[in-house]
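Subject: Structure for your records

Hello,

Here is the structure I said I would pass on. My notes on what was found in it follow below.

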Amino acid sequence: MSASTWGGPNSSAEEHYPLSLLRLLLKETMGQFGAQGACMALHDETIGQMRVQLHVRATNAQPSSELPLVGLNHSSPQQDTPGRRKTVQLDTGEEETQHVASVNASLRSRSQALPVDGVIDITPEQCDLFAVGSTYSPGQDLIGYTWHKNEAYTMRHEDYLALVRTNQTTALHTDVTPSYYLTIPIREATLVDESLGHPHPTTVLGVIVLYYLGNPTLNLQKVRVEAPKYVERIALYLQNEALRAQNENLCLKQQRTSDYLQLLQSISSVFPTSVKLSDLVEHIYQFVARVVDVSGMLLTIYDRDLDRLYDVFAMHNGVRVNGLAEKPAVQLKSERPVWWRETQHEKRSLLFSPARDYEKTQAYQELLTGVWGDQRYTATFLLLPMKMFNRVVGTICLTSMQPDAYPPEEIQVLEAMAQIVTVSIENTKLYERDRAILNDARQREAQLAAINSALQSISSVLNVTELLNSLVESVALIANVDMCVFFEPSPSSEELIAHALYAPSSVKMVDDGSGMPVITPPNKGEPDKFINMIQLPFKGTFLEHMADEGFFYLDPPKLDELARGSNEGGVIFLREIGVEHMLMVPVSYQAVFIGFLAVPTPNGNRFFRPKDVGTVLAICAQAASAIRNAHLFEQREEAYARLERMDKLKDEFLVTASHELRTPLTAISGYSSQLKRQSARATPQTVLRFATKISVAAQQLSDLVANITEAAQIGPGDRKMDIQTENVQMLAATEMALNMITHHSEHMITLDIDRDIWINGDAPRVRQVLTNLIENATKYSPPGTQIQVTATPMLLSDTEPLLTEDQLDPTLLIDHDDIPVVVVRVKDQGEGILPQDQQKIFEKFVRAPRSLTTPVRGSGLGLYICRRFVEAMGGKLWLEQSIANEGSIFSFYLPQVASPVDTGE
Ligand code: ADP
């Protein structure tokens, strides 16, 4: 279809388009794109050029007298001369006809509500930019260029002057200075191309130029892309208007009353954003019945997207076939070959008499039968194609019992009606399509934004728990599900442990009396012990095999299988919160399995849409490296914390050690210099006294150095010490140890050790352990208090209740028989050790804080060394009891051996 359809060779566009309609369309377009001025040029077939039909400006965008003039340096005289300013105020409703109102409503419904209160016409005198009546050939000026290129353009005013108007001799004379222009071609609807499946050059019916005063509020580059689509709809209004006018002429010519006109108008006002099919067919039927005699009628619509034919209205012998508008008869195109051929290839009305023309009746049998019954006996048959450009979108078939019921003039009227109906339907489809595209784009945009922000929040987090919480939440929101869980393999990889769970209030693990607490999402960054209670079996299950696969779904049997191997928390998760199908996405980083993301499908759906799975996979792929980073970061932090602790210990040790070293050194240097000074007159007794002091201090010094060396040598706990064991008599060892302690006389030390008790160990080291424990007891308890040393034989299994938690080794007796051991206890009535220090004192260089503030000397090495010795000899050393200001019991056990038959003593 070319623009000539709109008017004959001698007509100008103006005859067909009331300025009120054009003004309205411009006003709506300005509102849509936030412009302050606009002009519309339409193709004038007679001269082959674009002619400016109308130039308007928003009433709320009138120039102020301060605005500079373009091109000329004088002020505008017209501005102040009311007589020269011909303005037409358009007030909504004042001069708009009914159809205009409906156009208005329809256009506005999708506009972005940038209000343009009203517009005034701009006359050529006022402004010779886009002066009404000026014409442009292809490529000439902005309008000709837009027409020629069939593209929307934006341009700054300066560029317009510099690039487009360079050859103009006359200066531009305008009352305002636009800042920007947006030009938009009015294209014939692009539906034609799609339907024919091959490129079909679109005809440009006209050009709209929008201009802006000051800075545009919208992004013009973005607007430029959508503008032609928006304006495409204007083409339909224009065409509809042309048809209406054409029809009006026709009806007038035939002296028909305004009856038809009104009816046609009511059809065209069923326009816009939605066509209610039942209304539309009713209008068609009413109209047809007024114009011609009709006994049968069939309205068929073709949907090219689904490639199906819909019979939406049928009448047989004057009686309507009920319910078709709501539930049309549907057929494939291939089931109606004659209809298809006839409408696609002929595209003209088809008229014959079925009753008389036997051959045609045979050939067109398909058209004469169907939901509207058998029409082969009617006297007149008429098929009206509903055409949209080159394409047929449906047909109206009519029959009458009267011969020659449809004379040519009536057929013309009916054809015009069919056109209007077609435009209505197409316009709705176009609107729907645009809306769908827009919605789709919005959805995609929203989803992309969601993914982006999810990834951003994920990759910026370095705390593993916080990161996983953010991951499960993002996935749940993006995939639009109620729940999402991240499972990590346990350290032993035996099971999967839930590390993060997203479950808003709708899904909660409620206490069902099973003793399980309510499971709620954890606080950010804090692993939640309740969530960790959800555990699934992993090692040896199908999950382990699937860990390096792509995603997969768990169906009810598989969930059941897992539930059977799960702990209580896992069972509740799998069985009691209504999970039926669950998407599992293995998350790995460089082939190292990190965990599973589990997303139950909503409402019992079996699968997610591929698009959603794709999104989840994309997020997981990104999250994998983030999780890995976070893990590494945490490990580094831990190592760093350990180092820091070691550093602190070292500092403390240096303080302690220097103090420890200084004391005997001071003694040594003091006594030796005194010895030197008094050497001439010193009695042998004095020399002996000083020498003893010196040797005791030297012994202390060497003990300390030995301890430090020993601690450094035995190294970390996993290194095995080389120890020779022998049978040691417990009592003898203790007595010897006691002798090694210098100042024990201030305490009452009792030994309760059976002479027959023998153990297996390294004698000097057993003595060292005993010395250390007894010495500590003397050091950390007030003089005059009691210290008891006892030895009790018992079975290894019986020591279990005595041991501290950190010293329990449940595997110890699994592969071995129970053995007899001897538990040796050193009990004092001293200061005791605070609970928070009870484990730490066994570490290297650690002394309980309160010992640091007392004058009692120590290096913090004794217990560490003792424990390592006892362990090397196959025993354990622990703090069995300690009560502040009441005393402590340090205990160790070693394997018992039978006492030798004869010791020879
Ligand atoms: P040292 O006695 O040289 O400081 P140890 O390793 O033997 O080092 O002991 C570590 C810490 O344990 C001591 O500094 C002290 O605080 C505490 N401790 C050890 N034995 C006792 C005890 N019998 N009563 C109270 N505190 C003790």
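Among contacts in the protein chain between residues at least 6 apart in sequence, those joining residues at least 24 apart make up 71%. Please keep in mind that this is a predicted model. The protein chain has 905 residues, and 48% of them are buried. Its secondary structure comprises 24 helices and 27 strands. The accessible surface of the protein chain is about 43,700 Å², with 51% of that belonging to carbon and sulfur atoms.

The sheet

One part I looked at is an open sheet of six strands, paired antiparallel in the order S17-S16-S15-S20-S19-S18. Its edge strands, S17 (535–537) and S18 (552–554), each pair on one side only. From one strand to the next, the twist averages 30 degrees.

The helices across it

Helix H16 (residues 556–564) lies across S17, S18 and S19, and runs at about 70 degrees to S18. Helix H17 (residues 568–576) lies across S17 and S19 as well as strand S15 (484–489), and its angle to S17 is about 90 degrees.

Which residues of H16 are buried? They are Leu559, Leu562 and Ala563. These residues are on the same side of H16 because they cover an arc of only 100 degrees around the axis. Pro557 and Arg564, on the other side of H16, are exposed. The cover over the buried residues of H16 includes the strands S17, S18 and S19, together with helix H15 (542–546) and H17.

A single residue: Thr29

Thr29 sits in helix H2 (residues 19–33). Is Thr29 buried or exposed? Its relative accessibility is 0%, so Thr29 counts as buried. Leaving aside residues up to four places away in sequence, Thr29 touches Ile208, Leu210, Tyr230, Val231 and Ile234.

Regards

Terms used. Residues are numbered from 1 along each chain as its sequence is written. This is a predicted model: local features need pLDDT of at least 70, side-chain atom pairs count only at pLDDT 80 or more; totals for chains, interfaces and linings use all residues. Side-chain values use heavy atoms; hydrogens and water are left out. Helices (H or I, at least four residues) and strands (E, at least two) are DSSP runs, numbered from the N terminus. Buried means under 20% relative accessible area, exposed over 50%, partly exposed in between (1.4 Å probe, protein chains only). Contact means heavy atoms within 4.5 Å. Accessible areas come from the Shrake-Rupley method with a 1.4 Å probe; for residues, only the protein chains shown count as cover. Two strands pair if DSSP finds at least two bridges between them. Axes are lines fitted to C-alpha atoms, for helices over the stretch in contact, and angles run from 0 to 180 degrees between N-to-C directions. The arc is that of the directions from the helix axis to the C-beta atoms.
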